[in-house]
Amino acid sequence: MKNIVVFASGNGSNAMNLAAHFNSGSKARVVAVFCNNPEAGIIEKASAVNIPVVLFNRAQMQEPGFLETALDTYSPDIIALAGFLWLFPARLVKQYPNRIVNIHPALLPAYGGKGMFGDHVHKAVLHNKETRHGVTVHLVNEHYDEGRILLQESFDIRPEDNLESVKQRIHELEYRLFPAALEQLL
Ligand code: GRF
């Protein structure tokens, strides 16, 4: 059984989708959620299904040893960033080579980088009248939204699409693509 540790900063629907996908099987399971936001919805959701939540602040993330020790407890085979909004520490990227995966709600390398998260991405895509949008799952390196792409899938933007419909379509795609990418990596 492989261990997946998920990092999330907000609502956590992708984190919970990973747990729903893996935790009933025998291949891997989400063993902990690491969260940097004490207000995040994921805290209650993960706790409700008995997944331990490790809450940390910026000082703790930057302090060498803090996350290392906390992660050691869960022996992660894969670290999945599911809506984690801070830059993942370079020292941990080194410690877990090719084992940290991020999901990004756009067709990288387009619409990635610092500040390109959540609604900002979708608003920019709609503003620029792009004809296609989609989701990328990629390995994490020291920079925002870079690293080798594992899976990417796109869809046509329809004339009637707006921010809400695009967000919903992206989430539906994410719920399929993220578990598929982790299955591949496992
Ligand atoms: C997702 O769109 C993900 O791609 C991005 O942040 C969003 C998180 O949504 N990195 P949720 O918290 O999983 O609902």
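Which residue has a polar side-chain atom that lies 3.3 Å from an oxygen atom of the ligand? That would be His-171.

## Ground rules

This is a predicted model, with residues numbered from 1 along each chain as its sequence is written. Local features need pLDDT of at least 70 and side-chain atom pairs count only at pLDDT 80 or more, while totals for chains, interfaces and linings use all residues; side-chain values use heavy atoms, leaving out hydrogens and water.

Helix H1 (13–22), strand E5 (100–104) and helix H7 (163–185) are the elements that give two or more residues to the shell. Here helices (H or I, at least four residues) and strands (E, at least two) are DSSP runs, numbered from the N terminus. The residues around the ligand (a heavy atom within 4 Å) include Ser-13, His-104 and Glu-174. By class, the shell has two nonpolar, seven polar and one charged. Nonpolar means Ala, Val, Leu, Ile, Met, Phe, Trp, Tyr, Cys and Pro, charged means Asp, Glu, Lys and Arg, and the others, Gly among them, are polar.

## The pocket

A pocket here is an open set of points on a 1 Å grid over the protein atoms alone, where a 1.4 Å probe fits, with protein on both sides within 12 Å along at least five of seven lines; lining residues have an atom within 4 Å of a point.

Of the 39 lining residues, Gly-83, Phe-84, Leu-85, Phe-117 and Gly-118 are the closest to the centre. H7 supplies the largest share of the lining, four residues.

Most residues other than glycine have a negative phi, and most peptide bonds are trans. Ser-75, in the loop between helix H4 (66–72) and strand E4 (78–81), has a positive phi of about 35 degrees. Leu-108 and Pro-109 are joined by a cis peptide bond, with omega about 10 degrees.

Technical notes. Polar contact = N/O pair within 3.5 Å; in protein donor to acceptor, adjacent residues only side chain to side chain.
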